[in-house]
Amino acid sequence: MDPILETKALTHTYSAGTPFERTALDHVDFAAYPGECLGIIGHTGSGKSTLIQHLNGLLKPTSGQVLFQGTNIWTDPKATRNTRFQVGLVFQYPEYQLFEETVYKDISFGPKNMGLDEKEIDRRVRDAAHFVGLRDDQLEKSPFELSGGQKRRVAIAGVIAMEPQVLILDEPTAGLDPEGVESILGNIRDYHRAHNATIILVSHSMEEMARTVERLVVVNDGHIPIQGPPRQVFQHGDELEKMGLGVPQLTRVFHRLKAMGVDIDPSVYTVEQARAAVLAALGRSPRRTGGEPAADEKGAV
Amino acid sequence: MALKDITLGQYFPGHSPVHRLDPRTKLLAVVLYIVALFLANWFVSYAVMFLVLALSIKISGVPVKSILRGMKPVVFILVFTALLNLFYTGGETVLVHFWIFTITLEGVFRAFFMVIRILMLIAGTFLLTYTTSPILLTDGLESLLSPLKKLHAPIHELAMIMSIALRFIPTLIEETDKIMSAQRARGADFESGNLFQRARALLPLLVPLFISAFRRADELAVAMECRCYHGGEGRTRLRQLKYRGADYFTLLLFLAITVGVGVLGHFGL
C-alpha cells in the first residue's frame, strides 16, 4: 500500500546562519498509511512537534520533501493550502485558540476557510459537534463559558469539521482527568472508524499509546531510531529508557518477572494481554470469566 | 517563523569590561556623554567625543556592524534634520542662492555637526543597551531613581512593571507563534488580501492572545500574592548592585571628559 503521507530525507534547521542554529530534524524518512492509527512518541525537544508541523505544511523543510498522496506539498501554494485542509492538525492545549462568539461559529471557522457552501458547513459543524459529544444547545453558547474539557472538545471539533483524511493530534489528553482522557480517545477512535481516516497521535504516555495505536514511531534527537507495532517497540526497553521514555509499567513488571526466572511472555502492554500471559504461565487456558474488558481493566489497575 | 528572529532589548551577551560595569555607572556615563555631546561645538571637541565613543565600542567588543544596522530606522530623521539646518541657518558667507533658498557656510557646518551629534548620541545609547541586560538596566534605573521615593513617586512599582513586561515579551511571542500556527492549520490566511482583509484575519489571532495575556496576568498576580509580595518596602534582591573600582574610575573619567569638552566648547573649539 502506498503511504498517504510521507517525508523523504526531511531536515529542518531553526535559525539557520545564526549562533542559535539548531537542527531539529535530520534526514527523517517517515510514512503514514491510509486508515492506520499511528503513534508518535518522543520526549520534549526530540523533534516530534517539528515533524508534525511539516506534515500539514505549516513548516517548510530546510531540505527534503513532504509528500501527500504522492505529490510534493510545496510544489505550488494551492497544494500547500489544500494539504492543510486534508491533514488536520490539533495542537497541544487547543482550547487556547478559540476566538469566536459562539461555539458554532468557532467550529465553522475551518470549513468556512475551505470555501464550502452554507448547507455543507452546517452539516459538518453539527457532525463534528456530535462526534466530540457536544449538545445542540451548547452550540449557541460562548466558548468561554464552557469548562476546560468542553473547550478542548470544541477545539477538536473545529479541526474534525474540515473532515481531514489524516487527523494529527498533539497530546490531545494533556491535563485531563482519567474520564476525560477516555472520552477524548473514544471520540478519536469513532472518527477513525467513521471516516476510515488516518490518525496520528502524539504523546509521551506509553500506556495511552499502547492502548490506542497500531504502530509506534519513536522520535529522538531528530531521528527515528525505532518504529513498529507497540509489542515490538517495547522490546527495546533499555534504549527507550535511555531516551527518557520507558515502557508501560505492565511491560516493565513482566520483564522483571521474566528476569526473576518466571516462565512468562514479557511482551505485553495491556491488561488483557497481561491476563492471558499470566494464565498461560499458570498453565490455564485464558477463558473469559464474564464482565466487560473495561471493568476488568479498572479492577486490575 | 520570522517572529522568533526578533531581537529584543538587543542585548549582546558578553564579558567585556563594559559589560561588567555596574548598570548605574553605565546609565550615568551615558547621561554625561550626552551632556558632553551637546556642549561640543567644533571639530576639536567632536573629535574628542568620537575618540571616547570609538574606544568604548572597541572595549565592549560589540561589532560595529550591528551598531550601524540599528541606525537604519533614523535615516529619515537625519536627512530631515540636515535639510532643516542647511536651509534655515542664517550667516555671512553665502554659498548658494536660488529662488527662496539660501545656503550659507554656517548652515553647512551646522547641518554636518547636527547629523554627527545625533549619530553619536544613538551609538552611545545603543552601546548601553547592547552591553546591559534589560533586567539589570531596570534594576539600575530603580536604584538611581530611588531618591524620588521620598516624594512618593512609585519608582519601585514602575520598575516592577518594566521587569514584568520584559519578562513576558518572549512568552507572548511564543504564544503568538503557536496560535498563528494553529489558526493557519484551520486555513487562516495572514499573508494575502488587502489591508482590511488582513486586519480582519488578525482577529482569530488577537482574541486568543489577549485572553491568554489576561489569564497570565491573573495567574502572576495570584502567585505574587501567595508569596506575600507587598511592594518595594523592605524587599531584598537576588542581584545586589555594587560599585567597584572600575565604576568609580569610569564615572570620574566621563565627568572629566564632560568638563573638558565643555571647556573646549566654551572657547569655540
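Predicted model: local features only at pLDDT ≥ 70, side-chain atom pairs only at ≥ 80, totals over all residues.
1. Two strands are taken to pair if DSSP finds at least two bridges between them, and strands (E, at least two residues) and helices (H or I, at least four) are DSSP runs numbered from the N terminus. Residues are numbered from 1 along each chain as its sequence is written, and chains are lettered from A, with ligands numbered from 1, in the order in which they are written.

2. The sheet of chain A is open and consists of six strands in the order β6-β7-β8-β3-β9-β10, with mixed pairing. Because β6 (87-90) and β10 of chain A each have a single partner strand, they stand at the edges, and one side of each is left without a neighbour in the sheet. On average, neighbouring strands are turned by 15° against each other, direction ignored, where axes are lines fitted to C-alpha atoms and angles between N-to-C directions run from 0 to 180 degrees.

3. Strand β9(A), residues 215-220, deserves a separate comment. Five of its six residues are buried, a residue being buried if 20 or more other C-beta atoms lie within 10 Å of its own, exposed if 12 or fewer, and partly exposed in between, with C-beta atoms placed from the backbone. With β3(A), residues 37-41, this strand pairs in the parallel sense over four bridges, whereas with β10(A), residues 223-228, the pairing is antiparallel, also over four bridges. In the latter pairing Val218(A) has Ile226(A) as its bridge partner, and Val217(A) stands opposite Gln227(A). β9(A) and β10(A) form a hairpin with two residues between them, and Asp221(A) in the turn has a positive phi of about 55°.

4. Leu216(A) belongs to β9 of chain A and is buried, with 22 other C-beta atoms within 10 Å. Leaving aside neighbours within four places in sequence, its contacts (C-beta atoms, placed from the backbone, within 7 Å) include Gly39(A) and Ile41(A), as well as Met209(A), Pro230(A) and Val233(A). The C-alpha atoms of Leu216(A) and Phe234(A), 18 residues apart along the chain, are separated by 9.6 Å.

5. A nonpolar core is here a set of buried Ala, Val, Leu, Ile, Met, Phe, Trp, Tyr and Cys residues joined through C-beta atoms within 7 Å. The largest such core has 78 residues, and Ile40(A), Ile107(A), Ala157(A), Val166(A), Ile168(A) and Ile200(A) touch the most other members. Its largest share, six residues, comes from helix α6(A), residues 148-160. Beyond four places in sequence, Ile40(A) is in contact with residues including Lys48(A), Leu51(A), Val217(A) and Val219(A). A second, separate core of 21 residues includes Ala40(B), Ile57(B), Met120(B) and Tyr130(B).

6. Between the chains, 16 residues of chain B are in contact with 19 residues of chain A. On the chain B side, the elements that give two or more residues are α8 (155-185) and α10 (203-226), and the largest share, seven residues, comes from α8(B).

How values were computed: Contact = placed C-beta atoms within 7 Å.
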